[in-house]
Amino acid sequence: MRERIARFMQGRYGIDQFTNFLVFSALIILVIEMFIKVPGIRFLFNVLSVATIFYAYFRMLSRNHNKRFSENEKYMKYRNNVKFFIARERSHMQQRKTHHIYKCPQCRQSIRVPKGKGRIAITCPKCHKEFIKRS
Ligand SMILES: [Zn+2]
């Protein structure tokens, strides 16, 4: 039996981060589904979780490694962007007590200014536009 499975899996793409993400998403959808009372919406969630699982299996058993690999690359890139965004938001939240974050009115560059200095002239480090803010 194990040999047969091994032979069946030969040349198949297998599991990557994107597949893990798909399986995890399907589980989350299933959990949400348990709390939905409206039959129509519940059915939609059911279909969505089954479709996600099927897609995960399809990717695992696929023989088109190049295509699956590039899908995973795209996913990893997206995941890094999300991670970067969360890290930046978190650091802004932490700095909020001591600093203001202003956006340059000209080039949208974020500028960090210490709080409690009254009205100050801020010069954008990127485009050198000057603007007045209360800190
Ligand atoms: Zn600027």
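**View 1. Four helices and four strands make up the protein chain.** Helices are DSSP runs of H or I with at least four residues, strands are E runs of at least two, and both are numbered from the N terminus. What you're looking at is a predicted model, so local features need pLDDT of at least 70 and side-chain atom pairs 80 or more, while totals for chains, interfaces and linings use all residues. Residues are numbered from 1 along each chain as its sequence is written, and side-chain values use heavy atoms, leaving out hydrogens and water.

**View 2. Four cysteines hold the zinc ion.** The angles between the four donor atoms run from 107 to 112 degrees, so the arrangement is tetrahedral (for four donors, all angles between 85 and 135 degrees).

**View 3. Cys-107 and Cys-127 sit in two loops.** Along the sequence, the zinc donors follow the spacing C-x2-C-x16-C-x2-C. Cys-107 is in the loop between β1 (99-103) and β2 (110-114), and Cys-127 in the one between β3 (119-123) and β4 (130-134), so the pair ties together parts 20 residues apart in sequence. Cys-107 is partly exposed at 24% relative accessible area, and Cys-127 is partly exposed at 26% (buried is under 20%, exposed over 50%, partly exposed in between, with a 1.4 Å probe and protein chains only).

Technical notes:
Donors are N, O and S atoms within 2.8 Å of the metal (3.2 Å for Na, K and Ca); water is not among the atoms, so sites may look incomplete. Four donors count as tetrahedral if all angles lie between 85 and 135 degrees; four count as square planar and six as octahedral if opposite donors are over 155 degrees apart and all others between 65 and 115; anything else is irregular.
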